[in-house]
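Here is a short report on one protein model. Keep the structure open as you read.

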Amino acid sequence: MAGGVGVRGPRGGGTKVGGGFSSSSSLKLNKLKLLLLLLLLVPTMFLLLFFITTGSLLYRVNTAPYPVQISSTNTPYNNHLLHAYVARTFLALKSDPLKTRLDLLFKQGNDHLSLVNAYAAYARRLKLENMKQVRIFTDQARNYTELMNKPEYRALMDTNDMIDEETLRQFEKEVKERIKVTRQLIADAKESFDNQLKIQKLKDTIFAVNDQLTRAKKQGAFASLIAAKSIPKSIHCLSMRLMEERISQPEKYIDKGDPPPQWEDPKLYHYAIFSDNVIAASVVVNSAVKNAKEPWKHVFHVVTDKMNLAAMQVWFKMRSLNGSHVEVKAVEDYKFLNSSYVPVLRQLESANLQRFYFENKLENATKDAPNMKFRNPKYLSMLNHLRFYLPEMYPKLHRILFLDDDVVVQKDLTGLWEIDMEGKVNGAVETCFGSFHRYDKYMNFSHPLIKARFNPKACGWAYGMNFFHLDAWRREKCTEEYHYWQNLNENRTLWKLGTLPPGLITYYKTTKPLDKSWHVLGLGYNPSISMDEIRNAAVVHFNGNMKPWLDIGMNQYRDIWTKYVDYDMEFVQMCNFGH
């Protein structure tokens, strides 16, 4: 074969191609064209998708309430606006940052407006005091409404133009200021709406007020104790004037000869009065004498301390008492009353007991506030405990009436000597009613000795006017009984201090109750005693801190006492005793 190369074509026939190319070369060329076509088509499709998306975004943005109006004039300024708008659209993904800030501010404002309206409605429903919370939250809601309705701020939402950043910044500042105020108001008012918080605050307030009340009571009690136990200037003046009289004229007041036989005559009516207060003792004697049917049959045994002995002697020497008899002595005149015989005098030598009594300061007193009145040293004074030694002080007498120096006698008391004592030692008015003034109020029934010997519900009685049958006293050996219990109570474990608890113990089951009209108590602390009850009483008792000779005495009862003060005496006038 001349001039040609035979090429086997594909199965099924062959073709002869001139120039040396076969059909396989043509196929490769077609594949290459197809690849180039695909390479051109894919970017074209992506570009088309890009323009479609852009057109869609442009269309949607253009329908917003604030479209950007761009003139069709092809100017550099218009081109700049279009470029800025499209750039902002793509970067913000269809959101305008200024518009977003504006929407957020309006949303925050509306949210806090709703919040203050809700608090105002709740406060209105609770009917809080003076509706203060309602007014506060209503005013704050009005502030929000006025702020968001300002024309310049309302225009930001309504305009289709570009948002003015300066106005937006001012709006943002005012909104944030109001939000800050609102949050502070809500924080301050939360306790008015949070029940648990209100309950806890109420508990804290009650605890704090109770603590203040306790401290005030202790301080008030201590101040009252000082006022009650202090010596008024007028009484001190009277004692000094009487003492001066005694010193200037000693021969006038010296007792000459033997004591009058009436002092030891058991057929007469004898009274025991133990006091260091001249004016108080004089009122007791004067009131008893003026109301006695036969005053010359009445004998008054006045015992005082050595300091006031001269003043007492001068007073009763100078006064005419309608023929009645007055014996004035000092505690020191009774020689048997010494520390080897009297437990109280022996206990007074104890350093601990002296510290307990005589360091009578506020910090000490408030440690035992309920019994603070017993911390006064007078409760260890022998004048206060002489009542337990009457048979030995007056050995020839059979009966004697004990009177405190803060009582006033309003009737003849000789009827007491006619009472059948039924072998009892002590005639006294009982003070118990209900659970008050029972033995368990005066003694420590957790102590086995007290618990074993006494009934905690036994009725208590009052000191102040006590009629003692001295023969029965000697028979029952009451003074020895008193010594026994007083020695046991040296550490104050059986009862708190004072003379009533040992009296209740000493005369347990040997006390005869008297009719209540013989002795009415409470004029030194109770302002609500019936005046009929007072008028019907044989003896009224100013027990308590508000003694009638003190400034703190109760005015409604003061006249009962003052009408027996001898204002005609020159020394009383010199010391300015008020009527």
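Phe468 is buried, with a relative accessible area of 0%. Buried means under 20% relative accessible area, exposed means over 50%, and partly exposed lies in between (1.4 Å probe, protein chains only). Trp473 is buried as well, at 1%.

This is a predicted model: local features need pLDDT of at least 70, side-chain atom pairs count only at pLDDT 80 or more, and totals for chains, interfaces and linings use all residues. Residues are numbered from 1 along each chain as its sequence is written, and side-chain values use heavy atoms, with hydrogens and water left out.

## Aromatic pairs

A pair of aromatic rings is described by the distance of the centres and the angle of the planes. Rings of Phe, Tyr and Trp (its six-membered ring) pair if their centres lie within 6.5 Å; planes under 30 degrees apart count as stacked, over 60 as edge-to-face and the rest as tilted. The whole structure holds 25 aromatic pairs. One of them is Phe454 with Tyr508, edge-to-face, with 4.9 Å between centres and 75° between planes. Phe454 sits in the loop between helix H16 (448-453) and strand E7 (465-469), and Tyr508 in the loop between helix H19 (500-506) and strand E8 (511-513). Helices (H or I, at least four residues) and strands (E, at least two) are DSSP runs, numbered from the N terminus. The two residues are 54 residues apart, so the pair links distant parts of the chain. Both Phe454 and Tyr508 are buried.

Why is the pair of Phe468 and Trp473 edge-to-face? Their planes stand at 65°, with ring centres 5.3 Å apart.

## Disulfides

A disulfide is a covalent bond between the sulfur atoms of two cysteines. Here the cut-off is a pair of sulfur atoms within 2.5 Å. The structure holds 2 disulfides.

Cys237 is joined to Cys575, S to S 2.1 Å. This link is left-handed, with -75° about the S-S bond. Cys237 lies in helix H8 and Cys575 in the segment after H22, so the pair ties together parts 338 residues apart in sequence. Cys237 and Cys575 are both buried.

Cys432 and Cys459 form a disulfide too, with sulfur atoms 1.7 Å apart. Cys432 lies in the loop between strand E6 (426-428) and H16, and Cys459 in the loop between H16 and E7, so this pair ties together parts 27 residues apart in sequence. Both Cys432 and Cys459 are buried.
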